[in-house]
Amino acid sequence: MTALRPERESGTSYGQQPYGAPGVFEDWSSDAGGYGAVPEEPYGAGVYGAELSGTGASGAELSGGESYGAELYEPPVDDETVALRIPDPPPVPGADSISAAAPTGRRTGRGPAPGGRAARRKAAKRRRGRHWGAQQAAQAAMGAEAAESPQEPGRPLSRVEARRLARARKPSPGVVASRVVGEVFITTGVLMLLFVTYQLWWTNVRAHAQAGKEASSLQDDWANGKRSPGVFAPGQGFAILHIPKLDVVVPIAEGISNKGVLDRGMVGHYGEGALKTAMPDAKTGNFGLAGHRNTHGEPFRYINRLKPGDPIVVETQEKYFVYKMASMLPVTSPSNTSVLDPVPPGSGFTGPGRYITLTTCTPEFTSKYRLIVWGKMVEERPRSKGKPDALIS
C-alpha cells in the first residue's frame, strides 16, 4: 500500500503537477509539507557542524554557502554481511599511529586492519599464532589427531593427551640402539687413548726409572769393591752401555726376556741357548745385544743414525771396551740369527775378531723386521787408567 503524501496549499496533488515543471522542487522545498522539505531540526543536525542544503549528500554544502572542505567519511565495505551496523568512527586527522591489533602494539602507524570483521578476526588469529608457536610444536609431537585440535592456552592436558605426549617424548628403539652404539664407540676410543698414552709415555717413564736405579746400583757395587762372578743369572746387570752420539747410558743385563730385562728399560745380552754370544772380555767372538726401539725406555730408538766410526763403549767392573761402528743392515727377518755369528755374514768382517752386534725392531712401533748394527773393538782400557776419550769428549 502506497503511503499518503501531503498536498500543496492549492489543493493540487503531487501526481497532478507535471514532472520537470519550472520551480517544482523549489516550491516543494519551500513548502513545509512538501516532499524533500528540510525540517526545522533535521536528523543528525550538528554532526558535521552544519545543516545540509537540498543539493544532495555527495555535493553537500554548508548552510552558509561554503564548501565542507573534505570528503565525507565512508566506512569500509563489510565483506561478511550487508545488514545494518554501526559505522566505525572516522580516522583522527594528524594521528601518528593507530593500533588495531591486540595489546602487543605491533600495528602502530598502520591504522585499522583493512576489510570487515572477518578480516580483523583473521589478522588477530595470525598475531595470536606468533605467540603459540612453541605450544603448536608440542602439540604436533602428540600426533595428527592432537594437531588437528590444538589446545587452547591455559587448558590442562587430558589423560589421553598426556599419555600421547609422554609416548612422543619417549625415544624409539632405534634411537636407544644408536645411543648405546655411540657410547660403546666413545668408551672404546677413550680406552684406546689411555692405552696409547700408557704405551708411549708411561712405560718410558717407568723403564727409565728402573734402568737408572740398576745403573746406580752397579756403579755403587763397583765402587765398594764387590766382585761379580763370571757367570750372571738371567736378569742380572753386569755392564753399562754408552753410545755418546745418541746420549744413551743404559745397563746391560743377562738374557733377552721382555718382562725381566727389556721391558725394564735395560739392554739384554744374548747369552742363553742357541743364541748365546761371547762376552766383551773374550779374545774372539761377537757380543750380541737386544733392546727396544719404542716404548719401555726405547734405548735403541735412534741407532739407525749411527755412522761408521761412531764410538760404542761397554763399561764393566774392571775395564772399558771401545768399539767403532762398522756397518748396518737396515732390514732383515726376525729369524735371521746369522747376524749373531762369530763372523756375521753381510757385516763386512772377513775373519774372527772382537765384534759387537746391536739388534732392534723396524720400522718404528712395529716388530715386523729387525735392524742390525755392527761394530769392531778398537780399545780395551782398564778402569784404573780412567775413562776413554770417547766418553770424555
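# Reading a predicted barrel, feature by feature

Modeller: Residues 24 or more positions apart account for 52% of the contacts in the protein chain with a separation of 6 or more. Contact means heavy atoms within 4.5 Å. This is a predicted model: local features need pLDDT of at least 70, side-chain atom pairs count only at pLDDT 80 or more, and totals for chains, interfaces and linings use all residues. Residues are numbered from 1 along each chain as its sequence is written, and side-chain values use heavy atoms, with hydrogens and water left out.

Biologist: How many helices and strands are in the protein chain?

Modeller: Helices (H or I, at least four residues) and strands (E, at least two) are DSSP runs, numbered from the N terminus. Here the chain has 7 helices and 8 strands.

Biologist: What share of the 393 residues is buried?

Modeller: Buried means under 20% relative accessible area, exposed means over 50%, and partly exposed is in between (1.4 Å probe, protein chains only). Buried residues make up 28% of the 393. The chain exposes about 25800 Å², with 56% supplied by carbon and sulfur atoms. Accessible areas come from the Shrake-Rupley method with a 1.4 Å probe; for residues, only the protein chains shown count as cover.

Biologist: Now the strands. In what order do the 8 strands close into a barrel?

Modeller: Strands of a sheet pair through backbone hydrogen bonds, either parallel or antiparallel. Two strands count as paired if DSSP finds at least two bridges between them. In this model the order is β1-β2-β3-β4-β7-β8-β6-β5, with mixed pairing. The average twist is 30° from one strand to the next. Axes are lines fitted to C-alpha atoms, for helices over the stretch in contact, and angles run from 0 to 180 degrees between N-to-C directions.

Biologist: In which sense do β1 and β2 pair?

Modeller: Antiparallel, over 6 bridges. Leu241 stands opposite Val250 in β2. The two strands form a hairpin with 4 residues between them. In that turn, Asp247 has a positive phi of about 55°.

Biologist: And in which sense do β2 and β3 pair?

Modeller: Parallel, over 3 bridges. Ala253 faces Gly268 of β3 there, standing opposite. Next, β3 (residues 267-269) is joined to β4 by 2 bridges, and these strands run antiparallel. His269 has Leu289 of β4 as its bridge partner.

Biologist: How many of the residues of β2 are buried?

Modeller: 6 of the 7, so β2 is largely enclosed by the rest of the structure. Helix α6 (residues 173-223) lies across β1, β2 and β5, at about 110° to β1.

Biologist: Which residues have the most contacts inside the largest nonpolar core?

Modeller: A nonpolar core is a set of buried Ala, Val, Leu, Ile, Met, Phe, Trp, Tyr and Cys residues joined through side-chain atoms within 4.5 Å. The largest one here has 25 residues, and Leu241, Ile243, Val314 and Leu358 have the most contacts inside it. Elements giving two or more residues to this core include β2 (248-254), β6 (319-332) and β8 (369-382). β1 gives the most, with 4 residues.

Biologist: What is Leu358 in contact with?

Modeller: Leaving aside neighbours within four places in sequence, Leu358 is in contact with residues including Ile243, Leu289, Phe300 and Val373. A second, separate core of 8 residues includes Tyr270, Leu340, Ile372 and Trp374.

Biologist: How many aromatic pairs does a search of the whole structure find?

Modeller: A pair of aromatic rings is described by the distance of the centres and the angle of the planes. Rings of Phe, Tyr and Trp (its six-membered ring) pair if their centres lie within 6.5 Å; planes under 30 degrees apart count as stacked, over 60 as edge-to-face and the rest as tilted. The search finds 3 pairs. Phe232 and Phe238 have ring centres 4.6 Å apart and planes at 15°, so they are stacked. Phe232 is buried at 15% relative accessible area, and Phe238 is buried at 6%. Phe349 and Tyr355 have centres 3.9 Å apart and planes at 5°, so this pair is stacked. Phe349 is buried at 14%, and Tyr355 at 5%.

Biologist: Last, a loop residue. Where is Arg383 found?

Modeller: In the loop between β8 and α7 (389-392). Arg383 is partly exposed, at 30% relative accessible area. Arg383 and Lys319 are 64 residues apart in sequence and 4.9 Å apart in space, C-alpha to C-alpha. Neighbours within four places aside, the contacts of Arg383 include Trp222, Glu315 and Tyr320.
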